[in-house]
Amino acid sequence: MLIVLAVLVVLVAGVLIYVESAMNRVAALSDYDGRPAAGAGTNWLIVGSDSRADLSAEDEQRLGTGDAKGQRTDTIMLMHLPDNGTKPTLVSLLRDSYVDIPGKGQNKLNAAYAFGGAPLLAKTVELRTGLRVDHYMEIGFGGFANVVDAVGGVQMCLANPIDDPLAGINLPAGCQELDGANALGYVRTRKGPRADLDRVIRQRQFISALTDKATSFGTVINPFRMVPLIAGAPDAITVDEGDHLWNLPSLAFAMGAGDGLTTTTVPFSGTKTVKGIGSVVVWDKAKTDKLFTALRTDAEVPADVIVAPPK
């Protein structure tokens with residue numbers, strides 16, 4: 001019995017060492033003049049990259065991504081993990097938010113990633129929110145789909161059907177298990193009466209459901225799910241150079257906390273058209289100041305700044 005236990009310990013240790021050493025890393029976070037001071041709690045910047053650089057032609061066809069060149073991001077989220085008893089908070093930062101991008105002037109938030117990748121996006125988010133980003137995670141197209149398939153798919157309940165050839169999906173209304181390809185289309189599609197506003201809600205709901213299933217007892221004890229999940233993790237995500245495997249569990253448990261997680265879209269006052277840029281989203285200064293002050297101080301997020309899904 002002791003020998004079996006010893007073997008299991010060695011195997012688990014070996015897997016953890018492999019994942020830690022194999023994780024993709026990028027120099028996303030760095031110090032600079034005027035960088036916000038560290039506040040209470042811990043902040044993660046979570047980005048969904050739509051780069052096709054690592055996808056084969058077959059993957060592009062299977063996942064319905066097209067073959068667009070360059071790097072962009074349609075998913076930008078800020079997760080705050082408090083040090084006290086308040087709820088963690090997940091904030092969707094709309095990609096079309098009109099912000100100051102250091103060295104580039106005013107533009108849409110996701111343009112920061114296109115101009116300068118993770119470092120410029122992180123700096124832009126820090127300066128606009130007044131929050132120091134402690135950790136960075138980037139999820140790519142192929143890696144996202146593989147993780148969904150590794151856990152056996154994720155169930156989502158759709159109030160209305162979604163038919164979007166551009167995202168490669170044709171999903172009926174009702175509860176259904178989404179595989180990797182359909183899940184990717186589900187979080188990418190802008191179909192719906194409110195376009196990006198509906199998309200970021202779907203993204204938050206799906207990521208929470210995926211994380212909950214990936215950390216569930218049924219997944220952990222099932223080697224046919226756990227082994228592919230662990231093996232695929234290094235290819236699925238990119239983290240900051242200073243991030244490590246042991247930083248991830250607290251994020252995962254917060255993501256899958258259900259009612260124990262506060263979710264919101266960044267408060268905004270409307271949209272406007274800017275010449276040469278197009279339609280942009282204008283943040284509500286008073287409400288965003290209240291939101292980010294609450295996060296910086298580990299205070300409870302005021303109810304009047306939470307942008308909840310329509311009922």
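**Sheet, salt bridges and disulfide of the predicted model**

In strand β13, Thr262 is the bridge partner of Thr89. The model is a predicted one, in which local features need pLDDT of at least 70 and side-chain atom pairs count only at pLDDT 80 or more, while totals for chains, interfaces and linings use all residues. Residues are numbered from 1 along each chain as its sequence is written, and side-chain values use heavy atoms, with hydrogens and water left out.

The pairing of Thr89 with Thr262 belongs to a parallel arrangement of β4 and β13, which are joined over four bridges. Strands here are DSSP runs of E with at least two residues, helices are runs of H or I with at least four residues, and both are numbered from the N terminus; two strands pair if DSSP finds at least two bridges between them. On strand β3 (residues 73-81), β4 (residues 89-92) is joined by four bridges in the antiparallel sense.

The term buried denotes a relative accessible area under 20%, exposed denotes over 50%, and partly exposed lies in between (1.4 Å probe, protein chains only). In a regular strand the side chains alternate between the two faces of the sheet. Thr73 lies in strand β3 and counts as buried, at 0% relative accessibility. A polar atom of the Thr73 side chain lies 2.9 Å from the backbone oxygen of Thr75.

These strands are part of an open sheet of seven strands with mixed pairing, in the order β1-β12-β7-β2-β3-β4-β13. Its edges are formed by β1 (24-26) and β13 (262-265), each of which pairs on one side only. From one strand to the next, the twist averages 25 degrees. Helix α3 (residues 109-129) packs on the sheet, where it touches β1, β2 (42-49), β3 and β7 (135-139), and its direction makes about 10 degrees with that of β3. Contact means heavy atoms within 4.5 Å; axes are lines fitted to C-alpha atoms, for helices over the stretch in contact, and angles run from 0 to 180 degrees between N-to-C directions. Helix α9 (residues 248-255) also packs on the sheet and touches β2, β3, β4, β7 and β12 (237-240), with a direction at about 100 degrees to that of β3.

Helix α5 (residues 180-188) is mostly covered, as eight of its nine residues are buried. The buried residues of α5 include Leu184, Tyr186, Val187 and Arg188.

Eight salt bridges are found in a search of the whole structure, a salt bridge being a side-chain nitrogen of Lys or Arg within 4 Å of a carboxyl oxygen of Asp or Glu. One of them joins Asp31 to Arg35, with the closest N and O atoms 2.7 Å apart. Of these two partners, Asp31 is exposed, with a relative accessible area of 61%, whereas Arg35 is buried, with a value of 15%. Another salt bridge joins Asp96 and Arg95 at 3.6 Å, N to O. Asp96 is buried at 12% relative accessibility, and Arg95 is buried at 16%.

A further salt bridge is formed by Asp304 and Lys290, whose closest N and O atoms are 2.8 Å apart. Because Asp304 lies in the segment after α10 (285-296) and Lys290 in helix α10, the pair ties together parts that are 14 residues apart in sequence. Both residues are partly exposed, Asp304 at 43% relative accessibility and Lys290 at 37%. Salt bridges that share partners join Asp31, Arg35, Glu126 and Arg132 into one network.

The structure holds one disulfide, defined as a pair of cysteine sulfur atoms within 2.5 Å. A disulfide is a covalent bond between the sulfur atoms of two cysteines. Here the bond is formed by Cys157 and Cys175, with sulfur atoms 1.9 Å apart. The link of Cys157 and Cys175 is right-handed, with 100 degrees about the S-S bond. Cys157 lies in strand β8 (residues 154-158) and Cys175 in strand β11 (residues 174-178), so the pair ties together parts that are 18 residues apart in sequence. Cys157 is partly exposed at 47% relative accessibility, whereas Cys175 is exposed, with a relative accessible area of 54%.

Key. A polar contact is a pair of N or O atoms within 3.5 Å; within protein, one must be able to donate a hydrogen and the other to accept it, and residues adjacent in sequence count only if both atoms are side-chain atoms.
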